[in-house]
Amino acid sequence: MIARKSLPLSLILGVLAASAPTSTPAQTPDPRQGEERTSFQTHAKWDPGLQLPADVAMVYGIDASMPDRSRQWKERGYIVHLMTGVSWGEYQDYLYGRFDGKEHVDEAQTDRHGKVISHGGDVYYMCPGPEFGKYLSQGVLRAIDAGAEGIHLEEPEFWARAGYSEGFKRAWREHYKEEWAPPHESADAQYKASKLKYVLYRDALEQVFDAVKQHNKKTGKDVKCYVPTHSLVNYALWCIVSPESSLLTVGADGFIAQVWTGTARSKNFYEGKEAERTFQTAFFEYGSMTAVTRGTHGRLWFLHDPIEDDPNHDWGDYQTNWRATVVASLFWPETTRFEVVPWPERVFHGRYPAPGAKPDPSLFGRRRRFKDSDRIPIPPDYATELIGVMNALNDMDQPEIAWDSGTRGIGLVVSDALMFQREGFKPSDSHLGNFFGLALPCIQRGLPTEPVQLENLRTVDDLSRYKVLLMTYEGMKPLTNAADPVLAEWVKAGGVLVFVDDDKDPYNDIRSWWNAEGGPNFANPRQALFDALGVGRDASPGEHAVGDGRLIWAESSPAALSRKAEGATEVRELIERACAAASLDYKETNHLVLHRGPYVIAAGLESKPGESPHVLRGRFVDLFDAQLTVRETVELPPDSRSLLIDLDRVPTDRPKVVAAACRVTDETPAGDGLSFFARGPENITASVRVRLPKAPTSATVAGQPAEVAWDEASKTALLRFPNSADAVKVTIE
């Protein structure tokens, strides 16, 4: 995400200590707020138009205004966390020796042409040296002393094209005990450079995590450290190296999965056609972050952005793609926490192109390509829709989960090494076809295939949810062979491994564990895996019995399959064959539907010729409708996305708020009526749909009469009234 610039962490020391925020809440608190279900990040001061229905305000950036901003958000009822960037910022104290008496300018990330990678001026992306983590730690600890209840260290990023600074060369010599080699000159050098970048940011953040944990011991606090980060899939696609899953091994308490329209609309190939596929890409981005934390202690939030960093799309485009990411995220029911918006000030106070507006030719080449007169504030219905969905996201921890989809129980193995072959010497496929060539054929036909993090495979129990695994080493090489015996045990117990690889990846020749001197000297890591499976390094392509399971090796390139018109069909035929071997019913659908308690998440997908769109029937409140319309049928044509509440799964034993574009507390039935408190962003209309046993006779908001629309078929009433940043009482008689 585009981050606001912040001052050096060291400059805040005295200011933070002087201004610890106090708590004087102006509203009735939500009793579940301590679960930190929803959050947002902001550099703004509180204002009435930003009173969002979320638990946590993440105050961004450490500057002179940070203590006052923290105080304001805390006084308005939010738990306050601190978020700051770690790979770039106003680090002049560190750069020019004011931190430790040593200059660190040569630790700026630099490309092969000698160009320093920066955000402008001396705001550099850093190659973290041995003292960088200590530098970051000092300001973080002062922020905790000032009252921060959680720390978010955003985006540890090392560009794949970097690796040429003197600081990086020093780190290379120290780590590898050999002279630095230009990363672009060989596969071995590029892989080593990427692996070192991964290690450097892991070690720097470990210093911060350790400092916070030591501070907790001294103070008796329990401040957690989280890492907001793009997904493995996106970092690989955008040619960035980040420590990803390894951070949980060195003290991170969890992640925010930074998936949004800007990442998910990155183009990929399917059946030879290049296109944006926001929903499908987001599905696997959120899934890859789920895989990182699955089976660990790590907490995970999913981010949604109602707009994106590119200011040249119109409001209709933002809305369509936001819906796609929200729906994609909700198909991962293990995660029940969400960052509902980054930078709400740019969403609710910003101006963006009106639908149908055309770029001004005189502005081409500039960041903003539309005239100010063609930019408008957020459409009122979209604003109401956003607040309603944000509020619903507080309620996604539901015990009842039910799927209507194609075959489940299929996994797709990924490794952090997916980021290691993206630049310089013979990089992997430009559109990450080595991943999407296997992933997209699944989701396009309703198979909710799950990414499986190779580094997290410790025992066969970590694979217990799968009957079929898809795998390739094209574009990624396993960091160790630790997962090989786990995969072998899983296959021998009845699993079916589909391995799609033509052995032509030039990075098979790097010097690593599979061909180390004195070792088994395999030609590539696939041979090592096949040896562990018991079929031998020289096994032929085709199907092999392995205990009670099967290995199916297709000698094909996944990237090449992504660019073939018939490539997706070939992949699905392999999966169907594997499902038969695993005694798993194979089923394709043109939709995905998931029930999370009363919530229905639905997506229309690719249809075969003559296949009709799937139709949901019942009584559903449409959360993607500012009027919270009740629908009896919802059709799911391709590219449709829906978020609904199934009224037949809402309790009928008492009056109840079903959906609300505001925060609702103190909900109290009174006979056949109901009262509650509501609050939300000023100047945004609150829509509230309430289940009642019979039509209401009257309603008031803040003591004033309010209009109510009654729907007899669903036994629900709709109220619409202006939101207030201070809680107002709503009464329905």
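1. Is Thr336 buried or exposed? Thr336 counts as buried because its relative accessibility is 18%, where buried means under 20% relative accessible area, exposed over 50% and partly exposed in between, computed with a 1.4 Å probe on protein chains only. Thr336 sits in the loop between helix 10 and strand 12 (337-342), and, not counting residues up to four places away in sequence, it touches Arg37, Leu393, Met396, Asp397 and Arg596. Contact here means heavy atoms within 4.5 Å, while helices (H or I, at least four residues) and strands (E, at least two) are DSSP runs, numbered from the N terminus.

2. On the basis of the model: this is a predicted structure, in which local features need a pLDDT of at least 70 and side-chain atom pairs count only at pLDDT 80 or more, whereas totals for chains, interfaces and linings use all residues. Residues are numbered from 1 along each chain as its sequence is written, and side-chain values use heavy atoms, with hydrogens and water left out. The protein chain averages a pLDDT (the predictor's confidence in each residue, from 0 to 100) of 94, and 96% of the residues score at least 70. Over residues 2-27, however, pLDDT stays under 50, although the model has 77 contacts beyond four places in sequence for this stretch.

3. Asp30 belongs to the loop between helix 1 (13-18) and strand 1 (38-42) and is buried, with a relative accessible area of 15%. The side chain of Asp30 reaches the backbone nitrogen of Arg32 at 2.8 Å and makes a polar contact with the side chain of Arg663 at 3.2 Å. A polar contact is a pair of N or O atoms within 3.5 Å; within protein, one must be able to donate a hydrogen and the other to accept it, and residues adjacent in sequence count only if both atoms are side-chain atoms. Leaving aside neighbours within four places in sequence, Asp30 is in contact with Arg37, Arg663 and Thr665.

4. Asn723, in the loop between strand 34 (716-722) and strand 35 (728-732), is likewise buried, with a relative accessible area of 6%. A polar atom of the Asn723 side chain lies 3.0 Å from the backbone oxygen of Ala661. Beyond four places in sequence, the contacts of Asn723 include Cys662, Arg679, Glu682 and Asn683.

5. For the packing of helix 9 (residues 278-293) against helix 10 (residues 315-330), the axes come within 8 Å and cross at roughly 40°, the axes being lines fitted to C-alpha atoms over the stretch in contact, with angles running from 0 to 180 degrees between N-to-C directions. Among the residues that meet are Phe279, Phe283 and Tyr286 in helix 9 and Ala324, Val327 and Ala328 in helix 10. By class, this contact has seven nonpolar, four polar and no charged residues.

6. Helix 13 (residues 433-443) is mostly covered, with 11 of its 11 residues buried; these include Phe435, Phe436, Leu438 and Cys442.

7. Two backbone angles deserve a look, since most residues other than glycine have a negative phi. Asp503 has a positive phi of about 65°, and Asn521 has a positive phi of about 60°. Asp503 lies in the loop between strand 19 (496-500) and helix 15 (525-533) and is partly exposed, with a relative accessible area of 26%; Asn521 is placed in the loop between strand 19 and helix 15.

Terms used:
Ala, Val, Leu, Ile, Met, Phe, Trp, Tyr, Cys and Pro count as nonpolar, Asp, Glu, Lys and Arg as charged, and the others, Gly among them, as polar.
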